[in-house]
Amino acid sequence: MKIAIDAMGGDHAPLAIVEGAVEAVREHGIEVILVGDEDSISRELSKYNITGLSLSLRHTSQTIEMDDSPLAPLRKKKDSSIRVATEMVKRREASAVISAGHTGATMATALYILGPLPGVERPAIATFLPTLKGLSIMLDVGATVDCKPIHLLQFALMGDIYCKEILSKDAPKVGLLSIGEEDIKGNELTRESFKLLKDTDLNFIGNVEGKDVFAGKADVIVCDGFIGNISLKISEGLADAISKMLKREISDALSGKVGYFLLKSAFKNFKKRTDYSEYGGAPLLGVNGICIIGHGRSSSKAIKNAIRVAVNFSKSGINEKISERMAFLFHPKKIRRVSK
């Protein structure tokens with residue numbers, strides 16, 4: 001299995017990208033193709049003993065910067081690392097593409113070059129959230145900010161499949177993120193989406209409020225990309241703030257230091273559960289290929305785990321299952337086509 005990585009994408013590229021790729025190849029025994037500036041990547045690779053490792057390099061002359069337009073890889077920078085890596089998936093030279101760079105550019109490139117899966121109208125980024133009951137999946141967290149009810153229905157179907165395959169849950173509880181539990185609560189989008197979701201064979205539990213998300217009330221939380229991205233960033237900021245507050249309280253009092261010593265393992269576990277690097281990256285569901293989007297601050301650990309996500313995604317055949325589900329849903333002889 002070959003994974004193409006945008007080695008120039010991310011705050012710590014190419015250093016963290018190369019280190020994470022080396023670790024992943026050693027751990028998973030797969031092949032990784034590092035795409036980007038040859039000189040920069042080679043300098044980082046020279047720090048490691050890569051004898052016998054399935055690592056190769058594909059040179060590109062351009063890099064997408066964070067202030068570039070999301071359409072830059074499609075218009076002005078056609079030899080950028082993210083575009084070339086994505087084209088490798090299109091040509092089946094690689095099974096997946098991973099980037100921790102410009103999220104908008106990564107999504108636009110994947111959608112344009114790979115295209116959507118049959119029956120999928122809009123893609124969705126699916127991310128893991130730690131809860132009191134384990135892990136939940138939230139989607140969309142940034143791919144499609146302006147949604148129609150049909151899009152949220154498709155997000156729910158894709159999230160259901162992803163949850164079944166990756167979290168091994170037979171009948172995931174699917175919830176619609178809204179401002180109240182009652183089906184009449186929310187805006188026009190959520191109210192209409194509620195009606196569509198209620199009409200499916202999903203294990204739909206209705207609306208879930210923000211307070212229910214981390215309680216683990218739903219295994220799959222569905223929302224539009226605008227609300228999802230804000231929710232995700234608030235959650236990341238809150239987890240970081242809580243860690244800093246705890247450290248401050250501990251350092252300000254002797255009793256706190258004693259308490260920290262006694263609860264050191266608990267604090268360590270909390271940090272691990274809320275650390276984005278543990279989850280690696282988030283798949284862009286709905287595109288005709290495997291595209292994993294990493295956090296801009298991705299460390300080598302995050303990159304290594306993003307590669308693990310890509311490997312598991314490929315082995316699970318998730319895209320094939322999504323295509324089958326969409327074909328069934330919109331087949332005129334199987335079920336009434338859902339109105340837009």
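How many disulfides does a search of the whole structure find? The search finds 0 disulfides, a disulfide being a pair of cysteine sulfur atoms within 2.5 Å. The structure is a predicted model, in which local features need pLDDT of at least 70 and side-chain atom pairs count only at pLDDT 80 or more, whereas totals for chains, interfaces and linings use all residues. Residues are numbered from 1 along each chain as its sequence is written, and side-chain values use heavy atoms, with hydrogens and water left out.

For C147, the closest cysteine sulfur belongs to C223 and lies 8.5 Å away, which is too far for a bond. C147 has a relative accessibility of 15% and therefore counts as buried; buried means under 20% relative accessible area, exposed over 50%, and partly exposed in between, with a 1.4 Å probe and protein chains only. C163 is also buried, with a relative accessible area of 0%.

The protein chain has 13 helices and 12 strands. These elements are DSSP runs numbered from the N terminus, helices being H or I with at least four residues and strands E with at least two. Of the 340 residues in the protein chain, 50% are buried. Among contacts with a separation of 6 or more, 71% are between residues 24 or more positions apart, where contact means heavy atoms within 4.5 Å.

An open sheet is formed by 7 strands in the order β3-β2-β1-β4-β12-β11-β5, with mixed pairing; two strands pair if DSSP finds at least two bridges between them. The edge strands, β3 (55-59) and β5, each pair on one side only. Strand β2 (residues 31-36) runs parallel to β3 and is joined to β3 by 5 bridges, with I33 opposite S56 in β3. Helix α1 (residues 15-28) packs on the sheet and touches β1 (2-6), β2 and β3; the direction of α1 makes about 170 degrees with that of β2. Helix α6 packs on the sheet as well, touching β5 and β11, and its direction makes about 130 degrees with that of β11. For these angles, axes are lines fitted to C-alpha atoms, for helices over the stretch in contact, and the values run from 0 to 180 degrees between N-to-C directions.

Strand β11 (residues 281-285) is largely enclosed by the rest of the structure, because 5 of its 5 residues are buried. Strand β5 (residues 124-125) pairs with β11 in the antiparallel sense over 2 bridges, and A124 has L285 as its bridge partner in β11. Strand β12 (residues 291-294) is also antiparallel to β11, with 3 bridges between them; the bridge partner of P283 in β12 is I292. The hairpin of β11 and β12 has 5 residues between the strands, and G286 there takes a positive phi near 105 degrees.

The structure holds 3 aromatic pairs. Rings of Phe, Tyr and Trp (its six-membered ring) pair if their centres lie within 6.5 Å, and planes under 30 degrees apart count as stacked, over 60 as edge-to-face and the rest as tilted. The pair of Y162 and F313 is tilted, since the ring centres are 6.1 Å apart and the planes stand at 40 degrees. This pair links distant parts of the chain, with Y162 in helix α6 (residues 149-166) and F313 in helix α12 (residues 300-316), 151 residues apart. Y162 and F313 are both buried. F194 and F204 form an edge-to-face pair, at 5.2 Å centre to centre and 70 degrees between the planes. Here F194 lies in helix α7 (residues 188-198) and F204 in strand β9 (residues 203-208), 10 residues apart; both F194 and F204 are buried. Ring pairs also link F128, Y162 and F313 into a cluster.

Two further sites were examined. S231 is located in helix α9 (residues 225-252), where a polar atom of its side chain lies 2.8 Å from the backbone oxygen of I227. When residues up to four places away in sequence are not counted, S231 touches M138 and L177. I179 is placed in the loop between β8 (173-177) and α7 and is exposed, with a relative accessible area of 66%. I179 and E209 are 30 residues apart in sequence but 5.5 Å apart in space, C-alpha to C-alpha. Not counting residues up to four places away in sequence, I179 touches K185, G186 and E209.

Notes
A polar contact is a pair of N or O atoms within 3.5 Å; within protein, one must be able to donate a hydrogen and the other to accept it, and residues adjacent in sequence count only if both atoms are side-chain atoms.
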